[in-house]
Amino acid sequence: MFKSSKLALFAAALATPAAAQPPGQVIELRSFDYAPRTILLMAGRPVTLTFVNRSGDSHDFTAKSFFGRSRIVAGAVPGGRIELKGGRSQSVTLIPAAGRYRVHCGHFLHKQFGMRAEIVVR
């Protein structure tokens with residue numbers, strides 16, 4: 001009887017679905033900051049990333065290796081970067097590849113003033 005209850009618990013654990021990746025995530029670009037600073041994604045699962053510039057000035061989200069290794073499903077990421085004027089937004093749907101990727105703003109001195117983030121895809 002004890003053995004069968006262990007087996008039942010094991011079977012139930014296997015039947016429980018893994019936590020699903022949310023279908024979308026908002027990434028805010030601010031004056032010399034990104035939010036969140038660490039972006040967590042699941043490898044092989046489609047996700048729509050919406051980039052919102054909360055600043056009045058232009059900023060970008062440069063992640064060449066991340067975008068280069070991801071399969072872009074909708075939207076465009078020319079040169080591995082999303083460029084946004086103040087108050088604008090843009091979305092891209094992709095299927096990310098596992099890894100850790102660095103992000104920065106490519107505008108003059110923005111990276112040096114702290115506009116950096118990391119993408120972790122598990």
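Here are some friendly questions and answers on the strands and nonpolar core of this predicted model.

Local features here need pLDDT of at least 70, side-chain atom pairs count only at pLDDT 80 or more, and totals for chains, interfaces and linings use all residues. Residues are numbered from 1 along each chain as its sequence is written, and side-chain values use heavy atoms, with hydrogens and water left out.

Me: Which residue in β10 is the bridge partner of Leu41?
Reply: Strands are DSSP runs of E, at least two residues, numbered from the N terminus, and two of them pair if DSSP finds at least two bridges between them. Strand β3 (residues 38-41) pairs with β10 (residues 116-121) in the parallel sense over four bridges. In β10, the partner of Leu41 is Val121.

Me: Which residue in β10 is the bridge partner of Arg100?
Reply: Strand β9 (residues 99-104) also pairs with β10, in the antiparallel sense and over six bridges. The β10 partner of Arg100 is Val120.

Me: Which residues of the largest nonpolar core touch the most other members?
Reply: Such a core is a set of buried Ala, Val, Leu, Ile, Met, Phe, Trp, Tyr and Cys residues joined through side-chain atoms within 4.5 Å, where buried means under 20% relative accessible area (1.4 Å probe, protein chains only). The largest one has 25 residues. Those touching the most other members are Leu49, Phe51, Phe61, Phe66, Phe67 and Ile119.

Note on methods. Buried < 20%, exposed > 50% of the residue type's maximum accessible area, 1.4 Å probe, protein only.
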